[in-house]
Amino acid sequence: MGKFNRVETGIKDLIVIEPTVFGDNRGFFMESYSRKDFAEIGMDIEFVQDNHSKSKKGVLRGLHFQTQHVQGKLVRVTAGAVLDVAVDLRKNSLTFGKYYLVELTAENKKMFYIPPGFAHGFLTLEDNTEFLYKCTDYYAPEFDSGILWNDSEVGIEWNFEKYGLSEDTILLSEKDKLQQTLAAFVKSGVVIG
């Protein structure tokens with residue numbers, strides 16, 4: 001086995017990655033990215049920008065994407081935990097409108113690769129959660145867009161109760177409260193890419 005284990009999600013190109021972690025009584029060491037080793041698991045991807053956010057428990061960010069300068073993202077958590085979600089918005093995809101959820105924690109050290117053409121978001125499950133992500137293209141605010149986090153057509157099961165949260169206690173930005181539905185996005189005729 002190589003340094004990274006590729007786990008398929010059932011949605012084409014949407015991948016969970018499990019790194020090899022070396023630990024002892026001092027702590028741990030792991031490689032979080034190696035272009036050569038990623039290429040060995042079929043993921044020869046160039047990243048151009050790194051982002052880092054910190055949030056308290058109950059913050060819901062998303063579901064974000066760019067209509068041009070479309071970004072692929074390699075995401076992971078270095079402190080705390082998130083429930084991470086990706087929604088397939090690729091026009092000709094057999095899984096268009098489908099989503100996938102994964103828990104990413106500082107403890108499990110899993111990473112999640114969201115390819116271009118997906119909306120992405122996450123719910124923080126602990127205070128002081130730190131979330132890092134590598135992007136395949138630069139942030140382009142003029143092409144920033146999103147899908148409403150609770151769009152009934154997408155039907156994301158956030159499982160708030162499992163994490164001691166509720167719809168009334170989550171924290172959203174004003175922008176994320178006003179995102180469009182998937183139906184409105186489709187009706188707009190905008191094609192990502």
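These notebook entries record what I looked up in the structure.

**Entry 1: the model.** I noted that this is a predicted model, in which local features need pLDDT of at least 70, side-chain atom pairs count only at pLDDT 80 or more, and totals for chains, interfaces and linings use all residues. Residues are numbered from 1 along each chain as its sequence is written, and side-chain values use heavy atoms, with hydrogens and water left out.

**Entry 2: backbone.** I kept a general rule in mind: most residues other than glycine have a negative phi, and most peptide bonds are trans. I then looked up the bond from Gly62 to Leu63 and found a cis peptide bond, with omega near 15°. Leu63 belongs to strand β6, residues 60-66. Helices (H or I, at least four residues) and strands (E, at least two) are DSSP runs, numbered from the N terminus.

I next looked up Lys109, which is not a glycine but has a positive phi of about 60°. Its place is the loop between β9 (99-105) and β10 (111-114). Lys109 has 13% relative accessibility and so counts as buried. For this term I wrote down the cut-offs: buried means under 20% relative accessible area, exposed over 50%, and partly exposed in between, with a 1.4 Å probe and protein chains only.

Asn128, also not a glycine, has a positive phi of about 55°. I located Asn128 in the loop between β11 (118-124) and β12 (129-135). With 48% relative accessibility, Asn128 counts as partly exposed.

**Entry 3: salt bridges.** How many salt bridges does the structure hold? I recorded 13 salt bridges, each being a side-chain nitrogen of Lys or Arg within 4 Å of a carboxyl oxygen of Asp or Glu.

I looked up Asp37 and Lys3, whose side chains meet in a salt bridge at 3.4 Å, N to O. Asp37 lies in helix α1 (residues 35-40) and Lys3 in the segment before β1 (4-8), so the pair ties together parts that are 34 residues apart in sequence. Asp37 is buried at 6% relative accessibility, whereas Lys3 is partly exposed at 37%.

Asp37 also forms a salt bridge with Lys36, with the closest N and O atoms 3.4 Å apart. Salt bridges that share partners join Lys3, Glu31, Lys36 and Asp37 into one network. Lys36 counts as exposed, at 55% relative accessibility.

Finally, I looked up Asp13 and Arg90, which meet in a salt bridge of 3.5 Å, N to O. This pair links distant parts of the chain, 77 residues apart: Asp13 is in the loop between β1 and β2 (15-19), and Arg90 in the loop between β8 (81-88) and β9. I noted Asp13 as partly exposed at 33% relative accessibility and Arg90 as buried at 19%.
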